[in-house]
Amino acid sequence: MQTGKEIRARFEKLDQADAHALDEFVRSLDGDDRAFARQLAKRAGRLADRIRAEKARLEQMRYYEHLCEEEGYTLICGIDEAGRGPLAGPVVAGAVILPKDCEILGINDSKKLSEKRREELFDEIMDKAAAVGTGAVGPGRIDEINILQADYEAMCEAIGKLRIMPQVLLNDAVTIPQVKIEQKSIVHGDAKSVSIAAASIIAKVTRDRMMTEYDALFPGYGFARHKGYGTAEHYAAIKKYGPCIIHRKSFLKNLSEH
């Protein structure tokens, strides 16, 4: 019979994203009445159940990808943006082509994830994706053409930076007028499509990193904390220091109301 140390070492070596391996570990302890063995078996069983539930959720998020595959598409690209609403900084778009059946546990709408988890998933997406592109449009251009048109420009730039041209785009609730590639607009797509969710994470993390860099260039506004959104802290800083060059002037017209 294995010692407690040996069983714990075996548990620690398990791939804890492999439900089958965890199930095998639980079965190996069947009939072992030692308290530590029962506790480890219960822990492994819970992990296996969570993994199965997560994989089932991800399969639901592949619904639109499967529809595209049934139509004959193999290069499916998710498109999303970050930074449409802030008072300062760029709007950033992400474009991601994932390999067929690519599995990234935990992928979701970036707004539903913690900053730490987004950073982890960003790295995994960059590692596993067939192609990733990003595009950014700055505040001056946003003021010039409006935020929706700036969104479109950022998305076009992101698509143009892909090393592989997609056959179809899955977009989060928009249709990009300048693009000739087949497009499918999905409302709340970042919560319904793994490709769009991946794009949302790429866009959000890229933009957040940019705003952290801006925080060092323009101290006092708190860009690293609020990322340019209209928080009370941000409005107070604008009133104290005035707008800086990364503020969107067209978004500050009603500043006196705050």
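The legends below describe close-up views of a predicted model.

**Figure 1. Overview of the predicted protein model.** The protein has 258 residues, and 48% of them count as buried. Its secondary structure consists of 10 helices and five strands. The C-alpha trace spans about 75 × 50 × 30 Å along the principal axes. Among the contacts with a separation of 6 or more, 64% are between residues 24 or more positions apart. Carbon and sulfur atoms hold 52% of the accessible surface, which comes to about 13100 Å².

**Figure 2. The largest pocket of the model, with a volume of about 290 Å³.** The lining consists of 18 residues, and those nearest the centre of the pocket are Asp 80, Glu 81, Ala 82, Lys 111 and Asp 190. Strand 1 (76–82), helix 7 (147–160) and helix 8 supply at least two lining residues each. The largest share, three residues, is that of strand 1. Sorted by class, the lining of this pocket holds 10 charged, five nonpolar and three polar residues.

Figure 3. Asp 190 sits in the loop that runs between strand 5 (182–186) and helix 8 (194–217). Its relative accessible area is 5%, under the 20% cut-off, so Asp 190 counts as buried. Leaving aside residues up to four places away in sequence, Asp 190 touches Met 61, Asp 80, Asn 108, Asp 109, Lys 111, Asp 172, Ile 196, Ala 197 and Ser 200. Asp 190 is also one of the residues that lie nearest the centre of the largest pocket, and Asp 80 and Lys 111 are among the others.

**Figure 4. The second largest pocket, with a volume of about 190 Å³.** Of the 14 residues that line this pocket, Glu 65, Glu 69, Leu 98, Pro 99 and Lys 100 lie nearest its centre. Helix 4 provides the largest share, three residues. The lining comprises six nonpolar, five charged and three polar residues.

**Figure 5. The largest cavity of the model, with a volume of about 40 Å³.** The structure holds one cavity of 30 Å³ or more. The residues that line the largest cavity are Leu 58, Arg 62, Leu 98, Cys 102, Glu 103, Ile 104, Ile 107 and Val 194. By class, six of these lining residues are nonpolar and two are charged, with no polar residue. Leu 98, part of this lining, also belongs to the residues nearest the centre of the second largest pocket.

Figure 6. A disulfide is a covalent bond between the sulfur atoms of two cysteines. A search of the whole structure finds zero disulfides. For Cys 102, the closest cysteine sulfur is that of Cys 77, 14 Å away and therefore too far for a bond. For Cys 156, the closest cysteine sulfur is likewise in Cys 77, at 12 Å, which is also too far for a bond. Cys 102 is buried, with a relative accessible area of 15%, whereas Cys 156 counts as partly exposed at 25% relative accessibility. Cys 102 also takes part in the lining of the largest cavity.

Conventions: Residues are numbered from 1 along each chain as its sequence is written. This is a predicted model: local features need pLDDT of at least 70, side-chain atom pairs count only at pLDDT 80 or more; totals for chains, interfaces and linings use all residues. Side-chain values use heavy atoms; hydrogens and water are left out. Helices (H or I, at least four residues) and strands (E, at least two) are DSSP runs, numbered from the N terminus. Buried means under 20% relative accessible area, exposed over 50%, partly exposed in between (1.4 Å probe, protein chains only). Contact means heavy atoms within 4.5 Å. On a 1 Å grid over the protein atoms alone, a cavity is a set of points where a 1.4 Å probe fits but cannot get out, and a pocket is an open set with protein on both sides within 12 Å along at least five of seven lines; lining residues have an atom within 4 Å of a point. Grid points are joined across faces, edges and corners, and a volume is the space filled by probe spheres set on the points. Ala, Val, Leu, Ile, Met, Phe, Trp, Tyr, Cys and Pro count as nonpolar, Asp, Glu, Lys and Arg as charged, and the others, Gly among them, as polar. Accessible areas come from the Shrake-Rupley method with a 1.4 Å probe; for residues, only the protein chains shown count as cover. A disulfide is a pair of cysteine sulfur atoms within 2.5 Å.
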